[in-house]
Amino acid sequence: MRKNNRLFIIFMILFTLVIVGSSPVSSFSMESGFDFDDVTEETANRSIELFDLKILTELPVIERSFVSFDVNKSGDVLVCFREIRERNYIIVYDSFAEFKYGFSFVGSGSYAAEWIGENIAIYGVRSEIAVIIDQTGNFLEVKAIQRGNENDQHWNEVVSNEKVFDNITYKAEALIPGGVFVRLVKTSYDGEEQVIFENTVGITFFYVVAIAVVCIVLAVYAAFWIVLIKMIIKEMRKNKQQN
């Protein structure tokens, strides 16, 4: 009887191990809105090496507009910046708009990132590679992004300039339609606004350039009318002398 019990227990343990071992491992490729393909170990290792990921424990000086953002269930906000001192930056702010942590990495071309739970998925457009990292900068997975209309649709959602979570609206603002984002504003359900990020240098430069352009246009416009009026006066004097 005892022998049968031992055999039954051993059988149940082996059966459980088989079930667990054959179950698919939870991965961000199933949690993300993108469809992915697996990559070879060589491709994954090469992608990780090229990223040259560095962890940021202090908020760096960023005088550049951002390209995308995302919000997670905890209210943490990640903001993506491109080509700052030859590196890309992802800065994470907490729900009070305070710096929490960040990453910098090497990458060319457009990219975006989104939350996968408490982890971050980074999507490269040119490389068509997606990586997921945790808060400490560990690479958890590397995938190849499939091409297709559904992926294009999700990409538009990732880079959307407005996202709503728990009746809180997060909106990326540009100075001109279709331009880069210079301000990220969080608006609560009662209308209270909080600026999470603002590129003051970019905004100042934009207005300086705009004022300069307006002044040039006005100067050209004034010069045109001055020349025209002088020509009219000259012609009137000429006609008067002839008469």
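Tutor: On a 1 Å grid over the protein atoms alone, a pocket is an open set of points where a 1.4 Å probe fits, with protein on both sides within 12 Å along at least five of seven lines; lining residues have an atom within 4 Å of a point. This is a predicted model, in which local features need pLDDT of at least 70 and side-chain atom pairs count only at pLDDT 80 or more, whereas totals for chains, interfaces and linings use all residues. Residues are numbered from 1 along each chain as its sequence is written, and side-chain values use heavy atoms, with hydrogens and water left out.

Student: Which elements give two or more residues to the lining of the largest pocket?

Tutor: Helices (H or I, at least four residues) and strands (E, at least two) are DSSP runs, numbered from the N terminus. By that assignment the chain has five helices and 14 strands. The elements that give two or more residues to this lining are α3 (41-51) and β8 (119-124).

Student: How many nonpolar, polar and charged residues are in the lining of the largest pocket?

Tutor: Ala, Val, Leu, Ile, Met, Phe, Trp, Tyr, Cys and Pro count as nonpolar, Asp, Glu, Lys and Arg as charged, and the others, Gly among them, as polar. By class, the lining of the largest pocket has nine nonpolar, eight polar and one charged residues.

Student: Is F51 buried or exposed?

Tutor: F51 is found in helix α3. Contact means heavy atoms within 4.5 Å; not counting residues up to four places away in sequence, F51 touches R87, F105, V106, I122, V131 and F139. Buried means under 20% relative accessible area, exposed over 50%, and partly exposed in between (1.4 Å probe, protein chains only). Because its relative accessibility is 13%, F51 counts as buried.

Student: How far apart in space are F51 and R87?

Tutor: R87 is among the residues that F51 touches. The two are 36 residues apart in sequence, and their C-alpha to C-alpha separation is 9.6 Å.

Student: Which element gives the most to the lining of the second largest pocket?

Tutor: The second largest pocket is lined by F34, Y123, G124, V125, E128, I145, Q146, R147, G148, N151, D152 and W155. Two or more of its lining residues come from each of β8 and α4 (149-158). With three residues, the element that gives the most is α4.

Student: What is the bridge partner of Y123 in β9?

Tutor: Two strands pair if DSSP finds at least two bridges between them. β8 and strand β9 (residues 129-133) run antiparallel and are joined by four bridges. Both belong to an open sheet of five strands, with antiparallel pairing and the order β1-β10-β9-β8-β7. Within β9, the bridge partner of Y123 is A130.

Student: Why is strand β6 described as largely enclosed?

Tutor: Strand β6 (residues 99-105) is joined to strand β5 (residues 87-93) by six antiparallel bridges, and β2 pairs with β6 in the antiparallel sense over three bridges. β6 is largely enclosed by the rest of the structure because its buried residues number five of the seven.

Student: Which residue stands opposite F66 in β4?

Tutor: Strand β3 (residues 66-71) is mostly covered, with five of its six residues buried. Five bridges join β3 to strand β4 (residues 77-84), and the two run antiparallel. In β4, the residue opposite F66 is F81.

Student: Is D166 buried or exposed?

Tutor: Most residues other than glycine have a negative phi. D166, which is not a glycine, has a positive phi near 50°, and its place is in the loop between β11 (162-165) and β12 (168-174). Because its relative accessibility is 59%, D166 counts as exposed.

Student: What is the accessibility class of D52?

Tutor: D52 also has a positive phi, of about 50°, although it is not a glycine. D52 lies in the loop between α3 and β2 (54-56). At 33% relative accessibility, D52 counts as partly exposed.
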